[in-house]
Amino acid sequence: MNPTIALECIDCGRVFVPADERLVCPDHDGVGGILDVQYDQSGAREAVADGVGEGIDDLWKYAPLLPTDGHAVDLGAGGTPLLDAPTLSRELGVTVRLKDERGNPTGSIKDRASAVLTSRALAGDESVLTCASTGNAAASLAGYAARTGLKCCIFVPADVPEGKAVQPLVYGADVYAVDGDYDDAFSLCRRVAANREWYDCSAAVNPYAVEGLRTVGHELAEQSRASVPDWIVYPMGNGCGLAATWKGFREFAELGIVEECPRLLGVQAEGATAIHDRFTGERARAGGETQADSIDVGHPHNAQKACRALEDSGGATVVVSDREILDAERTLGRTEGIYAEPASAATLAGLESAVEAGVVAPGDSATLVVTGTGLKDTASARDLVGGVDHVPDTPAAVPDPE
């Protein structure tokens, strides 16, 4: 079953049939022409509703809502836990829960996108997968390509963290570190993919990446249907993850699985504030860079989708510094035993900022989406925690804990 009925340009409303396999609308240049997948979900309503409350093994529980033409590449993505965070809740005066995506097959939320993208690649008889990535999507696509036996070529910025460059190499992908930033890597990926007819899985332009990511919203709706949070807090780089989460949650509201929807709180780092700037109409700062490399995107292609989701949900955005992000990374570990990469820790830094500013009120509830494991970028954490204590081989030399 393929519930897809159309691809609609979010800029001009032009509609394309799915069989075209078009990724963007040709009537727009630059970051315009992003397409949104439209569905006829009437046939899936009963199948999805009947399974609510029966556990979530993986994202393929929602196969009737996914545009995969019957293909389902299974590596175990999805079915991630929604954890209580009692210590953070006490410290912030807000009921905090954590949607923990670290347990996905390659360690990040991007596996949800890759599961759908590779399934579509198989359905379309593609032979080479490619994408531009700040790191997590690269590793994810490479892992899923290995699972399917497809070739994979990845383009990353030259300063990608070592852990994120090594991981796709282990999966057998060709990795090209492009001189410059993510925008440069993306531009080269697009040109090469077009010239060589590779299947471009870049989340910036491939609309089906959003469709896999939206299963986060489906799961959150099912897991929290008895008590929908007031806020979902999500880090924003390209904007597709936040937009996807909203799309999935809203769909379950339309299917009658939940009675209400949360508001979105989008978090950006000071070095990459394009979506915040667009949403608020104010420039947070004059560019720069951030250690939260997963959200270090200067020209986000899905900014319009993200802003629409923020507006539809009655949401808000905040900007946080790298210092606040790294402090939040340590706090997540210290309070809840969660080792998250900087981009994921940005959600806690953003919530703290929103509480301080009165955007999130005392007594509200908030779910933070922890998008990736801290093992992706141990270098940033090393500066936070210092080194190990070396002691002689004698019990008397071991100090008591502070």
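**The largest pocket and a helix pair**

Mentor: In this predicted model, helix H14 gives the largest share of the lining of the largest pocket, namely 3 residues. H14 spans residues 378-385, and helix H5 (162-170), helix H6 (182-196) and helix H10 (274-280) likewise each supply at least two residues of that lining. The pocket has a volume of about 670 Å³. It is lined by 33 residues, of which Asp159, Glu289, Thr290, Asp293 and Asp296 are the closest to its centre. By class, the lining comprises 13 charged, 11 polar and 9 nonpolar residues.

The helix pair can be taken next. Two packed helices are described by the angle between their axes and by the distance between those axes. Helix H9 (residues 240-254) packs against helix H11 (residues 303-313) at an angle of about 45 degrees, and the axes are 8 Å apart. Angles under 35 degrees count as roughly parallel and those from 65 to 115 as roughly perpendicular; H9 and H11 are therefore oblique to each other. The crossing of H9 past H11 is left-handed.

On the H9 side, the residues that meet H11 are Leu242, Ala243, Trp246 and Arg250. Their counterparts in H11 are Lys305, Ala306, Ala309, Leu310, Asp312 and Ser313. Sorted by class, this contact of H9 with H11 holds 6 nonpolar, 3 charged and 1 polar residues.

Technical notes. Residues numbered from 1 in each chain as written. Predicted model: local features only at pLDDT ≥ 70, side-chain atom pairs only at ≥ 80, totals over all residues. Heavy atoms only, no water. Axes fitted to C-alpha atoms, helices over the stretch in contact; angles between N-to-C directions. Helix = DSSP H or I, 4+ residues; strand = E, 2+ residues; numbered from the N terminus. Parallel < 35°, antiparallel > 145°, perpendicular 65-115°, else oblique. Left-handed = near helix turned anticlockwise from the far one by under 90°. Contact = heavy atoms within 4.5 Å. Nonpolar A, V, L, I, M, F, W, Y, C, P; charged D, E, K, R; others polar. 1 Å grid on protein atoms, 1.4 Å probe; cavity = no way out; pocket = protein on both sides within 12 Å on 5 of 7 lines; lining within 4 Å. Points joined across faces, edges and corners; volume = space filled by probe spheres on them.
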